[in-house]
Amino acid sequence: MKTNDSLALSTSEKVTGWRLFLKTIGARAYPRVVGMQREISWLFFDVFLPMLAVSAYVFVYRAIGAPEEYVGFVIVGGAMTAFWLNILWSMSSQLYWEKETGNLGLYIMAPNSLMAILLGMAIGGLVATALRAVAIIVLGSLLFQVQYSVTSFTQLLAVFFLAMTALYGMGMMSASFFLLLSREAWHIANLAQEPVYLVSGFYFPIKSFNFWIAASASLIPLTLGLDAMRQLVFPSGAALGFLNVTIEIAILIVLCVVFLAGAKFLLDYMERLAIREGRITESRR
Amino acid sequence: MNRSESFRSFRMATWLGWQIEANWTDPFLFAVYIIIKPLASVAILVVMYSIITKGNYASPVFPYIYLGNAFYIYVAFVMTGISWAVIEDREHYRTLKYMYVAPLNMPFYLLGRGVSRFLVASVAVLITLLVGKFFLHLPLDLAGVDWGLFLVSLFLGVTMLAMLGLILAGLTLLIVNHHFAIGDAVAGALYLFSGAIFPLEVLPAWLRPVGFAMPITYWLELMRRSLIGNVAEAFPTLASFSNGQLLGILFGLTVLFAITSIFTFRWCDHLARERGLIDWVTNY
């Protein structure tokens, strides 16, 4: 037993700095990537539930005689809801859940960085959610016979990864706010679903809004990400786009930097504040 | 059945449900919370509609979609809310086992928990209707409303939803890993198949019978007819049915669901006790 203890100690002593940071990311991403795939029925519900909403909106468009490309808009938007739900429930409010289950104190006590833990959550969540989003797109496209016409795969990949980086950066930033919340965390996450579906144009082109509303909504990375992706994959997408794709990519790069830097700053600040105010271990159900 | 115990269980659960719903924040933020979510949901449909029709709110399709979506708020709140009470008490507050050892009537307790959700939903529906009336030209004339039909339909519909909720609550007692998905899946399926936001004719022909088998289809039609009769009757889906026939179908289905819910809940409750699931905390 002593040998094991000393081995464990000597191993942990070696893992410091960037190596500890990277190992923490990997360790936190692992349950997100592997654990979420183990429960196959979760995968089913994660795809099935958004598909119900997507189908309902597709039938609304058909009921009012919308052009067929709007069906494709809904499917792409519906797939992106998976990422927004992941941000709300598995990034922003994750630290609240950890507080409820008593893990948050352990995270703070451990010698690793909270930023690394959140990055691990983000990377793991992104991979697991991407599988679900792809399933929704494939299923929706087959069911409703959507035609795609990609104008630039390079730009499409760039837009997707930039939008996801900025989005998960935003999720990490909001997680720091949730560090201070208690019972209200659940309600606030719940409140942020439909209004964001609305302002980010999940089911219609964001260009339909007044310029300033669309510009304000662009602070949420999925708004510009979705708009650019629609422009790149649908023939009529460019005509219904809010801004030129190149400009949207540039804005997404800025959002990536702002949200990741903001997450680091706010997380450090909020962690100190939460410790000072004794909120790390509080549980007000 | 002990009537005083059942009534007390219902009354106290109503009070408890309201506290859980409302006391997490100050009244102003709570009011914002219950207004914004349903308004955002209906605004998505309004924007979709206005983009395609260039804002033609005079078309009968608009009130059809708008009213269906407005009253569907009850489905999500009441039906899903009752089943959520099991999850909240078992997993979150971890008090379900104490409820079971207390002198309570569990089905009445769960129905009572649904009352607070009904109240919150009613505010959301009212606000949604007012916004439709004053900002979106919804042809809603209070003098033209068939109040008798409206009140009877609302009562029957909410009772039917509560019974559906009790069935889901029973099933939730037996389910661990997917309890969050049960209510949402049923509510989502009903949203799609009950013609809440589009006439059933839009569905592929082989899916329409699913819609006709659902009580919510008839309930939403009655709500529309009671509020804007002439517009609602313009759609062929249920045009061959008179109001009396629709009420009869809704009443019959409500009774059917009430009987089913009693037996289903008893059966699930028995199994949950037998398998030791009442205090099962999964930490999911």
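The following legends describe close-up views of a predicted model.

Local features are reported at pLDDT of at least 70, side-chain atom pairs count only at pLDDT 80 or more, and totals for chains, interfaces and linings use all residues. Residues are numbered from 1 along each chain as its sequence is written, while chains are lettered from A and ligands numbered from 1 in the order in which they are written.

**Figure 1. Confidence along chain A.** The mean pLDDT of chain A is 86, and 93% of the residues score at least 70; pLDDT is the predictor's confidence in each residue, from 0 to 100. Helices (H or I, at least four residues) are DSSP runs, numbered from the N terminus.

Figure 2. A:Val245 belongs to helix α13 (residues 245–276) of chain A. The residue is buried because 22 other C-beta atoms lie within 10 Å; the cut-off for buried is 20 or more other C-beta atoms within 10 Å, with C-beta atoms placed from the backbone. Leaving aside residues up to four places away in sequence, A:Val245 touches A:Gln155, A:Ala228, A:Gln231 and A:Leu232, where contact requires C-beta atoms, placed from the backbone, within 7 Å. A separation of 13 Å divides the C-alpha atoms of A:Val245 and A:Lys207, which are 38 residues apart along the chain.

**Figure 3. The buried face of helix α9 in chain A.** In this helix (residues 184–191), A:Ala185, A:Ile188 and A:Ala189 are buried. Seen down the axis of α9(A), the buried residues fall within an arc of 100 degrees, so they line one face of the helix; the arc is that of the directions from the helix axis to the C-beta atoms. Their packing partners in chain A are α4 (69–92), α5 (94–101) and α8 (153–178).

**Figure 4. The largest nonpolar core around B:Tyr74.** A nonpolar core is a set of buried Ala, Val, Leu, Ile, Met, Phe, Trp, Tyr and Cys residues joined through C-beta atoms within 7 Å. Of the 174 residues in the largest one, A:Val60 and B:Tyr74 touch the most other members. Helix α3 (residues 61–92) of chain B gives the most to this core, with 21 residues. Apart from residues up to four places away in sequence, B:Tyr74 touches B:Ala121, B:Val125, B:Gly157, B:Val158 and B:Leu161.

**Figure 5. The contact between chains A and B.** Chain A contributes 30 residues and chain B 35. On the side of chain B that touches chain A, α2(B) gives the most, with 14 residues.

How values were computed
Helices (H or I, at least four residues) and strands (E, at least two) are DSSP runs, numbered from the N terminus. A residue is buried if 20 or more other C-beta atoms lie within 10 Å of its own, exposed if 12 or fewer, and partly exposed in between; C-beta atoms are placed from the backbone. Two residues are in contact if their C-beta atoms, placed from the backbone, lie within 7 Å.
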